[in-house]
Amino acid sequence: MSLLSYVLKRVAAYVIIFVAATTFIWLLIRFAPGDPALASAMRVMMAPGVSYTKEQMEEFRRRAIEMLGWNLPLHEQYILFWRKLLAGDLGYSTYYSAPVAPKIRELLVRDLLLLSPAAVVSWFLGNWLGAWAARYRKLDKVLLPLLYMLTSTPYFLLGLVLAYTLGVVYPVFKPTLTSSDIDLFLAAPSLETFKRFLHAYTLPFLSLVLVSMGGWASGMRSLMMYELETNYARFLETLGFSDRKVAGYALRHAINPQVTGLGIQFGTIIVGGIAISSIFNYPGAGIGLIYAINFRDVFLLQGIIIIYIAMVLVACLVVDLVYVIIDPRVRLGMIGG
Amino acid sequence: MSTRRVFALLRKKVSFWACLAVLLSVLLLSGVGPWLTPYKPMQVLPVRAQPPSPEHPFGVDNLGYDVFSATVYGLRVSLTVGLIAAIVATFIGVTAGVLAGYYGGLIDYVMDGLAMFLLTIPSAFILIMIGAFYAAGGEGGVAMSEFERILLLGVAVGALSWHWTARAVRSQVAALKVSDYVYVSRLSGNSSLKVIIKDILPNIGSYVVLVFVIQLANALGTVVTLEFLGIKASEWSLFARVMQWLQMGALIAGVWWAWLLPGVVVVALITSLYLLVYSLEEVFNPRLVRW
C-alpha cells in the first residue's frame, strides 16, 4: 500500500466520523423535548423585556419555523442544515447578539493560543518524566502516586487551586486572563507586553499542562517499563551498552503509541480548557458554552461543539501525518491504513 | 492464580491497603453521612462564608449552605451516576469485545468503527448536549425527575466510554480463541455460547474487575467536570454551585473551603481507585515488577 492511499484513507475516515458526529448532534437538537432550537430562534426575533400577545407569539413561532425550515419534510431539513453549515452559517447567538460563525472564529483563535502550547508542552514533559520514572526506582516511588493524583484531578479544580494560591493569596501571577492581555502582546510584541502576557497566561497554562502531563507520564512509564523488559533491551544490556543507550532505543519504541494518543488527548484538553477558561475569565469558548448551557442558546452550543469536534479531527489527522514521518513501517507501506 | 496467592502478594503492599482505606472511608462517608449532619443539602443557613469549625466541619459557603452536608449528599449523587456509568460501560465493552473477538467478521468491523468514532469525538460535548436538552427540560420541555436524570446521565456517560474496554477485551478474546483448550472444548461439541461463558469469560474475569474500577474512576472524573459546567443530575450535585460561587467572587473573598474540601475528597477517591488498579495489576501481571 502506498503512502498516498494511507493518507487518503485516514482523511476519508475522519470525514466519515465528522459527518456521523454532526448528524448525531443535529438529531439530538431536532428531537429535543420542548424544541429548544425553535425557542432560541424565536428569542432572536423578540425584543427582551417586552410582553407580546398570543397572536404575536404565534406569528414569531411561524416565522421561526420557516427560518429553520421546519415546515419542510425531515430529509430536506437535514439537507438544508448541511447546506447552511457548508456555507458557514451556524445560526444566530442570543448571548452575543451576533451570528455564531464569526464569533466562534474569534473564540477559536484565542483557545488555540492557550490549548496547543499546553498540549505540546505537557506531552513532552509527561513523556520525559515517565521515561525517567521507568528507569529509576527511587524516583518512581515518589513520582507514581503524584502522577496518578495529577491525572485524577479535574482540570477546573487544579485551576481553582492555582488561581487561589498563586493568584489571590500570594499574587505572583494574575488570576484572570483577559483578551487585552493577549491582544496587547500580539499587536505590539515587546518585552513589556510579553511580561504582562506571561503574568496572566501562566496560571491557566500551568493548570492545563500539569493535569494532562500526569496522564502522559503514567502511560509512558508503563510503556517504557515494558520495553526495558523485552529481549532486545536485555540483549543490548548484556552486550554492555550503557543504560542511557538502552533507554534511548526503548524510548524510540515506547513513544509510538504516545504519538498516536496526542490527537485524541487534544479532545480531552479542549474540554479541560473550556472549564479552565471559565475560571480565569478567559474569553475562549468556555464562557460562551456555559452561558449556552444555562440559557439554552442552542445555535451557539451547536456551533461550538461542531467546530471544536472538527478541530479535534484535524488534530488527529495532523498526528497521523506526523506518525508517517516517525514510523518507517508506515512510511514504507508495511502497515497502516 | 488462587485467591490465597493474590492475598499473600497483596499483604506486603502498603499502597494497596492505604488506597483501600481511603476508598472505603469515602464510601462510608457518602453512606452514613446524612446521619452525621443535621443540615439538608438545600437548607440555607442564617450564616454565610464561615470557615471550618466543629459545628460546620467543612465550613459554610457564601450562599449559606453547609459544605459538609453538601459534600455528603453531592457525593451520593456523583457516585450513583459514576457507578451506573461504570456498570453500563463495562457491560457493553465486555459484551462487544467478546462478540467481536470470538466471531470476528462483520461484528468486529462494526465494533471497531464505533470504537474509533467514540475515541476521536470528545464525548463530553455529546454529554453536554444530552444534559442541556434532555435532562434539564427547560422551556416547554418536561423536566425529568431526579431519579431519571441520574439514570440518563449515568447511562449516557457509560454508553460513550466503553470503546477502549471493548478493544482490549477483543484482543484478549481473539488470542484465547485460538488456544488449544478452546479447540478441545469446541471439538467436544460445546456450543459457542457455552465456550464463551465456560471457557473464555473466566479467563478474562480478573481483567474485567480492573476495567470496572478504571471505568468508575474515569466516569467520576467526567461527572464532576460536567457538574462544574452546569450539567448536573441534581440541584445539590457536588460541584453544581462552584460556578455560582465564582460569579459571586468566592475566589477573591477567600471562601476556599467551599470548593477545596469537596475537591480533596473527590481527588482522593479517584486517585485511590487508579492506584488500586495499579497495585492489582502488579499482582496479576508480575512482568511489571522489576524490583
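**View 1. Residues 269-293 of chain A span 19 Å between their end C-alpha atoms.** This stretch is 80% helix and 0% strand. The model shown here and in the other views is predicted. An unreviewed UniProt entry lists residues 269-293 of chain A as "transmembrane region".

**View 2. Residues 112-134 of chain A are 100% helix.** Strand content is 0%. The end C-alpha atoms are 32 Å apart. The unreviewed UniProt entry gives this span, too, as "transmembrane region".

**View 3. Chain B meets chain A through 43 residues of chain B and 48 residues of chain A.** On the side of chain B that touches chain A, at least two residues each come from α4 (105-120), α5 (123-135), α9 (192-229), α10 (242-247), α11 (250-253) and α12 (256-284). α12(B) gives the most, with nine residues. By residue class, this side of chain B has 30 nonpolar, 10 polar and three charged residues.

**View 4. The largest nonpolar core holds 178 residues.** Met224(A) and Leu127(B) have the most contacts inside it. Helix α3 (residues 67-103) of chain B is the top contributor to this core, giving 19 residues. In chain A, domain 1 (3-99) and domain 2 (101-327) both give residues to the core, so it lies between them.

**View 5. Met224(A) is shown with its contacts.** Neighbours within four places in sequence are left aside. The contacts are then Gly130(A), Ala131(A), Ala134(A), Ala250(A), Leu251(A) and Ala254(A).

Technical notes. Residues are numbered from 1 along each chain as its sequence is written. Chains are lettered from A and ligands numbered from 1 in the order in which they are written. This is a predicted model: local features need pLDDT of at least 70, side-chain atom pairs count only at pLDDT 80 or more; totals for chains, interfaces and linings use all residues. Two residues are in contact if their C-beta atoms, placed from the backbone, lie within 7 Å. Helices (H or I, at least four residues) and strands (E, at least two) are DSSP runs, numbered from the N terminus. Ala, Val, Leu, Ile, Met, Phe, Trp, Tyr, Cys and Pro count as nonpolar, Asp, Glu, Lys and Arg as charged, and the others, Gly among them, as polar. A nonpolar core is a set of buried Ala, Val, Leu, Ile, Met, Phe, Trp, Tyr and Cys residues joined through C-beta atoms within 7 Å. A residue is buried if 20 or more other C-beta atoms lie within 10 Å of its own, exposed if 12 or fewer, and partly exposed in between; C-beta atoms are placed from the backbone. Domain bounds come from an automatic or database domain assignment. UniProt positions are given in the numbering used here, feature names are shortened, and annotations may be inferred rather than shown by experiment.
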